[in-house]
Amino acid sequence: MPIEFFAYNTPNGRKISVALEEMGLPYSVKIVDITKGQQHDPTFLKISPNNKIPAIIDPDGPDGAPISVFESGAILIYLGEKTGQFWPKNPRARISVLEWLMFQMGGFGPMPGQVHHFLQVENEQDRRYGLERFSKETRRLYGVMNVRLADRDYFAGEISIADFAILGWAWRHERHKVDLTEFPNVKRWYDALMARPGVQRGFAVKLS
């Protein structure tokens with residue numbers, strides 16, 4: 001039976017659609033329209049206690065029993081463990097994947113997300129401070145990524161779930177006013193990932 005994938009067309013939703021396609025897992029999309037407040041539906045709350053997308057229900061979970069998973073980072077780890085793909089068996093290599101996954105979850109997501117928010121604030125005084133603060137931090141994170149990718153193709157050496165996580169937000173670089181040509185190593189990485197058929201399918205699937 002396919003995995004039930006609860007999502008909307010956001011960076012966090014796209015992380016998972018890309019991973020599912022790259023891993024070749026069967027799934028069905030359950031659109032949760034966050035613009036209409038569907039994330040607050042009591043039924044969705046049962047599988048995502050924080051009222052956030054994405055979430056999944058895997059009917060063939062551990063020991064063959066169904067399981068639900070919320071939070072995009074947790075879902076990526078779960079899918080990596082389930083399939084053995086994009087999730088190293090070597091503990092040392094796995095640490096690197098976890099480091100860059102947490103880098104995305106804790107920084108390169110929340111920071112550009114704040115840029116997206118303040119770009120929409122109508123009051124100029126309110127907008128100016130927040131936009132300056134979070135744009136500066138977002139650009140700093142792009143710089144960290146650019147240095148990391150100076151001597152490697154992917155964040156943890158081999159392509160991994162960390163790349164899918166970061167890609168979800170790099171996909172919105174135009175929205176948070178970042179020109180990737182200013183970060184050439186990130187651009188090379190981004191272009192290489194976006195050329196992958198699985199990634200293209202992950203971005204093509206309808207999530208809204």
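Mentor: A term to have ready is "buried", which is used for a residue with under 20% relative accessible area. Please also keep in mind that this is a predicted model.

Trainee: Okay, strand 1 then: how many of its residues are buried?
Mentor: Strand 1, which covers residues 3–7, has 4 of its 5 residues buried, and the strand is therefore mostly covered by the cut-off of under 20% relative accessible area.

Trainee: And what is the strand order in the sheet?
Mentor: The sheet is an open one of 4 strands in the order 2-1-3-4, and its pairing is mixed. Strand 2 and strand 4 (67–70) are at the edges with a single partner strand each, so one side of each has no neighbour in the sheet. From one strand to the next, the twist averages 20 degrees.

Trainee: Which strands run parallel, and which antiparallel?
Mentor: Strand 1 pairs with strand 2 (residues 27–31) in the parallel sense over 5 bridges, and in strand 2 you will find Ser-28 opposite Glu-4. Strand 3 (residues 55–58) and strand 4 run antiparallel and are joined by 4 bridges, with Ile-57 standing opposite Ser-68 of strand 4.

Trainee: What packs on that sheet?
Mentor: Helix 1 (residues 11–23) does, touching strand 1, strand 2 and strand 3, and its direction makes about 155 degrees with that of strand 1. Helix 3 (residues 72–83) lies across strand 1, strand 3 and strand 4, and runs at about 135 degrees to strand 4.

Trainee: Switching to helices: how do helix 4 and helix 7 pack?
Mentor: Helix 4 (residues 91–106) packs with helix 7 (residues 161–170) at an angle of about 15 degrees, and their axes are 8 Å apart. Helix 4 is therefore roughly parallel to helix 7, and their crossing is left-handed. The residues in contact include Trp-100 and Phe-103 of helix 4 and Ile-166 and Trp-169 of helix 7.

Trainee: What kinds of residues are in that contact?
Mentor: The contact of helix 4 with helix 7 has 9 nonpolar residues, 1 polar and no charged.

Trainee: And helix 7 with helix 8, what is the angle there?
Mentor: Helix 7 and helix 8 (residues 184–194) pack at about 100 degrees, their axes being 11 Å apart, which means that helix 7 is roughly perpendicular to helix 8. Helix 7 brings Asp-163, Ile-166, Leu-167 and Ala-170 to the contact, while helix 8 brings Trp-189, Tyr-190, Leu-193 and Met-194. By class, the contact of helix 7 with helix 8 has 7 nonpolar residues, no polar and 1 charged.

Conventions:
Residues numbered from 1 in each chain as written. Predicted model: local features only at pLDDT ≥ 70, side-chain atom pairs only at ≥ 80, totals over all residues. Heavy atoms only, no water. Axes fitted to C-alpha atoms, helices over the stretch in contact; angles between N-to-C directions. Helix = DSSP H or I, 4+ residues; strand = E, 2+ residues; numbered from the N terminus. Parallel < 35°, antiparallel > 145°, perpendicular 65-115°, else oblique. Left-handed = near helix turned anticlockwise from the far one by under 90°. Contact = heavy atoms within 4.5 Å. Nonpolar A, V, L, I, M, F, W, Y, C, P; charged D, E, K, R; others polar. Buried < 20%, exposed > 50% of the residue type's maximum accessible area, 1.4 Å probe, protein only. Pairing = 2+ DSSP bridges.
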